[in-house]
Amino acid sequence: MTNTGQRRSRATPKHVKTAERVARALISTGGIGTIIAVVLIFGFLVSVVLPLFSGGEVSEPRAIAVRGSENTIRMEVDELRLIGYTLDRDGTVTVFSLADGGVLERRAIFPDEKVTAWSFSPDGAQCAFGFDDGTIRFGTIGFSFVFLDEVPNELSALRIGESKSFKKGVVIVTPKKQHRLQALKVELGKPLKAANGSIAQIDYSVRPDDKKVFAITTADGALRVIYESVEMDMMTGEDKVVLDPRDIPYERPQGRNAADHIFVNGGATSLVLIWNDGFGQRFDIRDDVPHGAVEDFQLTDTGDTITAARALVGKSTIMIGTAQGKLDAWFAIKPDLVVYGRNLTPRREGNWKYKDQKRFRRPRLIPTKAAEIDFDELEPMPRDGVEFVCGHRLDPADSALVSMSPSSRSRMLTAAYANGSVRTYQVTTESLVVETEPVAGGVHYVALSPKEDGIYALSGESMRGWNFDPKHPEATFGSLFGRVWYEGYNKPDYAWQSTGGSSSFEPKLSLRPLIYGTIKATTYSILIAAPLALLAAIFTSQFLASRLRTSVKSTIEMMASLPSVVLGFMAAIVIAPYLQGGVPIMLAAFATIPFAILLGARLWQLLPTRKAIQWGGFPRFASISVFLPVGLLLATWIGPLLESSFFGGNLRSWLSDSADNQADGVGGWMLLLMPLCLLVVAALNVYFLAPVVRSISRTWTRKQCALFDVAKLLVQTVVVLLLAWGGAKMLGAGWMEWIGLDADPRGGVLGSYNQLNALVVGFVMGFAIVPIIYTLAEDALSSVPSQLREGSLGAGATPWQTAWRIVIPTSMSGLFGALMVGLGRAVGETMIVLMAAGNTPVMELNMFSGFRTLSANIATELPEAVQGDTHYRALFLAALVLFAMTFCINIFAEGVRRVFRRRFADL
Amino acid sequence: MSSRRRVSSLFARGEPMVWLTGAALVVCLLMIAGLLTIVIYNGASTFWPKPLTQLTTHHGKTYLGEESQNEDYNPATAAVADWVPAKKRPAPEASVRRRMYRTGNYEVFNTHFTWLSDYEIAEEFEPRWGIVVERQEWGRFYGKPHAFHVDGKPVANEPAAVWARFEELHESVRARREAAGELNDNDLNDHENDARLERTSARLKDGADSDEWREADKVLQSVRKRAEEERIAIRRKTQAMQAENDRYELIVMMADGETKALKLADIVRAYLPNQLSLGEKWGVYLSRWGEFLSDNPREANSEGGVFPAIFGTIIMTLIMSILVVPFGVLAALYLREYAKQGTLVSIVRIAVNNLAGVPSIVFGVFGLGFFCYFVGVGIDDLLFPARVAENTPTFGKGGILWASLTLALLTLPVVIMATEEAISAVPHSMREGSYACGASKWQTIRKIVLPRAAPGIMTGMILAIARGAGEVAPLMLVGAVKLAPDLPMDGSFPFVHPERSFMHLGFHIYDLGFQSPNSKAAEPMVFTTTMLLIGIVVLLNLVALWVRARLRRQFEAG
């Protein structure tokens, strides 16, 4: 019975129970599902990135009934892997079906001539031949296709994807149900007379102006470069090929026969001759006036001999395979640390370069006097300023290399060895992509299919074919995070350049410059934001009237949700152009504004005690606001003064080291030493001066103390300036050189000025993260128990002493957490760096240069990346790295917060 | 004795340090104020009609334009020597003021702007009859009304008469042009597309040359034929209207005396800036604002309005909040009320906290890879194989649905954290009271916990919306584009098009300021768009603050 007299029904109504069950099920599934969805993000990113690190795959071999011989000089397959051809030394072309090896066509392409030299371009089907009568022919041997308009009866049964031999080729049915006939196409130009004797070696390349340049050696030992041009015949209106041969004045090195290999590099700037014993010579053929050899080099180790040499796509890299199974990549570089010996004694005319280039951070200037040059450090520089070096050494095999086939689309290369093994390498990353089981009977010739999806090896008995999937050989752990020696780079380096203009572009996928950029942006912005936000939070929570506090705090809070695209726009359109005009003023402001504020405080102390207390609220705040512009004004006066006295009147031209600004490095060192000197003086003040002052000032009046304080500030300022100046003088006068470093302050934190630079990003991104740090820090400071504060004040401590000794230590965990959250925000910020950082992926400490961050890189490149390819996955890896960076920051912050919380747990 | 204590307290007060902290706060506030002032000043003044100035240089060249900015610079000596006469030359290396005039007439001058140094100018005045013509294409035109042609014959020659004629006829011509614009063939194109897709799916299903394919092909041909006929009819109608419009031309004389005929139909707006009264200036100002807020963009987005961007931003934010709030609340309810509080739940909570700090671009990458390329391509393969075959992905690319989902994921932690906080702020005593009365757990949550937590949840939601509305980086990857005239919601079936790309105010700012071919001319528009975006975000934040204040009051009262 109840008080109301009604009987209470014991059983809970059914609908309540049902609702309960439904709600529980719904909330649990919804809640768990949401949380799982969140975990999925990480899992999905990883699943996209993982294939990047999986090695290449190759299928079981398939035998194809095609025979090769030692006379095979060329074998190729088409991009659909339906047909292939072999070319023999006697000029016989054999076209065969890759399905069964059946011969489709066999003919002699040079019935009346004898081929003595040949060259096949790695980029496509183009080729050049030299003959024993001194003529050369240029042409293409490649594959072509036609769509059959009328389908013959014998092919009508074919379904999509099926293929069948037909006439001289193979027909395949495309997904759109068209019948595509794949066949060999041979087009050869007219024979052109290039020499009198038989031609021994030939190679060619195309200059940027589209003219072909041939290089030949003849049986009688001449070396000749032939510039081809096409002229229109006035009479017939037909194009006529005109050859302009130039003999290279060249004496064959003593005791040597004719060279065994000849290469003209892409763009036809230099020519390389190689002998099988490893000796090589390089010639400069940039201009039409031929020169002798500019450089000699040894390509092999002693005792080793070259068995094969081929150029990679783009013809910048020459691959050298040897009898000991070594495989090296050689290319030309441009050393940048060069002494231009114009005023030297005749014996030393010419350009010299430093043997040990790593010592110097930036190109050295031309020494003015020959006496200053230590020739033991130097070696002569080839006249074209280019040096041929071995950039990569691939995993050696234990038997002689027989044949090589470079890919026509990437820096991949398939090599066959005498013991029958076939290996495929990625040259840039020096990785071995796959290695097949050895082919019995050895391999004569090897071919990599145009789409890099098949490997074919021709042996004396039959041909082997493998299905091949290289996956992502351009991306290895080493190439994504380490140094890689790219073609044309001076040394192994970190570089990000994912796409290029030409098909022979070498993608550079090192994430290091991007991570560096991210860290640089974060560092500069936190350096600016942290002091501002933390100090502002301290003032708000400790010294600001509570009436003002709420409105000030909500104003700054609201700025936390200011779209960053707005800030980025302001940075690039308003702030960057403005700062460019006043770099010295800005640098000076870093010093003058705090100085003005400190001076203001000293002057405030001169007020009588009663006034100081009476005006302690808003008037004090207002006078702080007044001294800020005073500092700025001071900067506009000091900045140009500094510029004219230390930087030759123009800081920006000094920074970029331009020729008409000869100011020395003292000013730069001063800028760098200033913060250090400031710290030293401050430390001296706290640890030595302050106790002394405290003991002797006991008898002083307040006024005397205040006056002393003003004098102390001025003296300290002068001391800091003198210290910095003295230090800079000493460093500039040779101290740095004495310990083996560069005497010039440029090249480190200081360097040439770009409009969009780290300082601009620091300012604006600092502005973006100030609100978040401020809000969290202020929360932490105000949540310190009030009894602590009141106790301290009651014990006689001043508000500043309470803030410094009680409040700040107690809320340390919160302050630290606030900084970490700000740091996390800065790491991932995208729009500001995208718009204001210049987006060049360089690794420079220079605060006046731009950079590219992980996030900006993703934003610019991901929309254009092809889904699933290496670039796409590398960008996902960039996202994952970003994810990991913020995750680590958060975890670290959490850990530190726990430590602090435990320490202050009993408060 | 007493003096000593006072003295030591001067140093102990740490006045300089207090001043430093105060200065930091002042710097923060000044930066905020400065930013807002720059944006609001530039944004609000963009549409204000400026006076038109005519300038003559010492060389006798004349320019007519609106001043748009000025600066001091050090002219090259060679340039100075070029300015005549010699005695008026500035001292070498002296700083000289120069002004940038928007001189328009792009098809004649090939530039929108001209820099003129003060020393170059011989004469400068504001011509009474200077006219500013805003056109559909080629940007602004500056000159003087010279004549008014009807059918190629002048009907007015005096500026006043020309102007009167223009005002009389302009409105009707514009109305006719708009009417012609509405007679478009979009529907026809849609029909044709549908028929072609039918044929493609017949090919995929039954193969080319099958009976079904032939049937579909026949339908397509008939649709095409009909569409062609209708198109011709429409073209005839529009051509008639255009011919009527083409009769009217405004002849404007440029500063150098050359004349140029402008078709009345191409003129969006024209006014005589040097004759405007204050009220008329306001009229032009407000009409420009109206155009800005309600029209499509013109001229590579640098003129016209941003209506599609406003619409896109709002719709995307709306879909996002519809998605994020229920799931966020469910997750928070589960974590607080249903899950067993232990290590696992605290790990989950830390994970959610961490997720709030994950950069937004990472969510964009996830959205692109997962939603567009995985889910979207899956949907396409399942539902629209014909479109896949024609290589026009429907869901397998960036779209407003995927953008909203991505931002929903991004803001989920914010909502979860805010909701959790709100739920845990409900006193335990109230729950216990409810249980004591015999209420079930769900009844307690529904009747006691949720209503009391509602304002907190609302705050979280609005903060999430504010974050979502201002976020740009992930949108660049999952569907925001520079120009999308087809809105994600319109009158054509099925009215809502979640797969369409969309315009977004934030992306508009980025695109206009950095990708535009003529970013200098677009700059004022960027400021205005920025002001609009800041306005929206600040408004949402103010609402959040207001809700939070109300919530606190309610708790104090309760």
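These legends describe close-up views of a predicted model. Local features need pLDDT of at least 70 and side-chain atom pairs count only at pLDDT 80 or more, while totals for chains, interfaces and linings use all residues; side-chain values use heavy atoms, without hydrogens and water. Residues are numbered from 1 along each chain as its sequence is written, with chains lettered from A in the order in which they are written.

**View 1. The interface of chain B with chain A.** Chain A contributes 101 residues and chain B 82 residues to the contact (heavy atoms within 4.5 Å). About 8,600 Å² is buried between the two chains, 82% of it on carbon and sulfur atoms; buried area is the accessible area (1.4 Å probe) that two parts lose on being put together, summed over both.

**View 2. The salt bridge between Arg620(A) and Glu15(B).** One salt bridge is counted between chain B and chain A (a side-chain nitrogen of Lys or Arg within 4 Å of a carboxyl oxygen of Asp or Glu). Helix H2 of chain B (residues 15-45) supplies 22 residues, the largest share of the side of chain B that touches chain A; helices are DSSP runs of H or I with at least four residues, strands are runs of E with at least two, and both are numbered from the N terminus.

View 3. Asp493(A) sits in the loop between helix H2 (477-481) and strand S36 (496-497) of chain A. Asp493(A) is partly exposed because its relative accessibility is 23% (buried is under 20%, exposed over 50%, partly exposed in between; 1.4 Å probe, protein chains only). Beyond its neighbours within four places in sequence, Asp493(A) contacts Gly482(A), Arg483(A), Val484(A) and Tyr486(A).
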